[in-house]
Amino acid sequence: MARVPQVIVVDPDRESSAEIQKMLSMLGFAVIASAGYGVEAFTLAFQLRPDVVLMRIEEPLVRPVQTLSRLNDGMPDLPIVVFSTEANIRLMRQSMVSGASDYLQEPLDPSELESSIIRVLEKKEREGMRRRGELDDPIPQGTIVTVFGAKGGIGKTTISSNLSVALAMEAHQTVALVDMDTRFGDVAITMDIPVERSIADLARNLDNVDRVTLKDYLVQHDSGVRILPAPTRPSDWRNLSARHIRDVVDVLAQTHDFVVLDTPGTFNEIVAAAIEVGTMILLVTTLDMASIKDTVLALEMLHERFGNDEERIKVVLNRAGVDTGVREQDVARTLDSPLWWRIPHDNEVVKAAQLGRPIVQSRPNSKAASEIKEIARALAGVRNRQKTQKKGGGLGWLRPLFRKSA
Ligand SMILES: Nc1ncnc2c1ncn2[C@@H]1O[C@H](COP(=O)(O)OP(=O)(O)O)[C@@H](O)[C@H]1O
Ligand SMILES: [Mg+2]
């Protein structure tokens with residue numbers, strides 16, 4: 001988007017329209033016209049050909065919906081972002097059916113407005129490029145979950161292995177688990193699998209690997225998870241760059257629903273690349289002061305890189321419930337970030353680790369395993385039927401069909 005995007009505001013309330021125009025100008029957009037509903041909106045949009053229309057929608061819906069449909073019929077490529085004081089499903093649905101690209105609720109938040117407009121413009125641009133053949137066909141892309149934490153010994157490997165198993169067994173997803181711990185690389189021990197080839201071998205031969213031969217590099221675990229182990233000699237990491245990591249993860253994401261990356265408690269080029277490629281970053285912390293202090297720094301770094309993106313960055317409190325003198329609500333306050341999930345301290349985890357068997361398999365009903373299974377279901381967008389039925393009864397389990405993916 002080289003030039004300043006041009007916007008038309010459609011809002012019959014002149015006062016609120018003026019406010020919104022001011023906000024748009026401050027955000028750096030050019031407001032080229034404002035209009036009420038009906039012919040005025042349509043004529044201006046048709047003559048001026050804006051990049052995007054921002055339009056109010058309120059009850060009664062007849063006029064706004066008619067205007068929206070007319071605009072959409074006449075100019076199907078024109079993105080229309082609607083906003084409303086209401087947030088009810090009926091209104092949202094009507095807007096979507098009539099051609100809205102996004103739906104915002106008032107009072108409008110400037111940064112939300114800005115990202116909404118940019119998002120719809122980028123989408124339009126991509127559609128144009130695809131039509132003109134300037135973009136390749138879309139490639140399937142799995143969700144990449146980077147399990148990260150600022151310290152060792154806080155449960156990253158426990159979470160990444162058990163989450164992988166739960167995604168495969170509970171949520172029936174195809175899963176690749178990659179050991180990117182450049183220091184200890186203990187996924188193979190945790191999962192009790194033999195290591196013949198590692199991520200270093202795959203990276204070296206990537207040019208000659210296709211979907212079929214890719215399987216030769218992955219160790220099939222009995223849970224269904226396919227594991228790409230760390231090299232047995234840590235010095236082998238030296239030959240790997242961020243580029244290798246990106247390429248390896250790319251190939252895996254094209255062939256699996258989920259790619260889970262386990263990382264070390266240190267920071268280096270490999271970890272940076274693992275974070276960079278993550279669709280989702282699970283930042284693991286525990287209740288002790290050292291871990292919390294390091295997590296504050298890690299969060300700062302993540303926010304600097306990605307902004308305060310709560311969809312992407314999720315804080316997971318592990319070993320919750322142990323008495324360290326630190327309270328959970330204080331952790332959230334210190335981090336200035338909500339705790340997305342808490343996994344309790346559970347002695348069964350330690351026992352399972354000694355047996356080389358993920359707790360989700362060996363003690364599926366233990367407290368820690370139950371939480372990790374819930375995380376897997378949340379990530380995969382599947383509900384626990386039993387739970388939902390108990391709570392909501394009847395048709396509760398249908399709801400995930402209407403939910404946006406996590
Ligand atoms: N929720 C938990 N309850 C009890 N012990 C845990 C829990 N999570 C991890 N552990 C134990 O803590 C130790 C470190 O876990 P690990 O996953 O190897 O951490 P990291 O990968 O961050 O270094 C292991 O002995 C593991 O069994
Ligand atoms: Mg580890």
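Residues count from 1 along each chain as its sequence is written, while chains are lettered from A and ligands numbered from 1 in the order in which they are written. Since the model is predicted, local features need pLDDT of at least 70, side-chain atom pairs count only at pLDDT 80 or more, and totals for chains, interfaces and linings use all residues.

Let's start with the sheet. Its 8 strands run β8-β9-β7-β10-β6-β11-β12-β13, open and with mixed pairing. At the edges sit β8 (219–220) and β13 (339–344), each pairing on one side only. Strands β6 and β10 pair in the parallel sense over 5 bridges, and V145 has V260 in β10 as its bridge partner. Pairing takes at least two DSSP bridges; helices (H or I, at least four residues) and strands (E, at least two) are DSSP runs, numbered from the N terminus.

| Helix | Strands | Angle |
|---|---|---|
| α10 (residues 242–255) | lies across β6, β7, β10 | about 145° to β10 |
| α11 (residues 269–277) | touches β6, β10, β11 | about 140° with β6 |

L283 touches F148, T295 and I313, among others, not counting residues up to four places away in sequence.

Finally, ligand 1 is surrounded by 18 residues (C-beta, placed from the backbone, within 6 Å). The closest are G155, K156, T157, T158 and A353. Elements giving two or more residues to this shell are α6, β12 and α14.

Notes
Contact = placed C-beta atoms within 7 Å. Axes fitted to C-alpha atoms, helices over the stretch in contact; angles between N-to-C directions.
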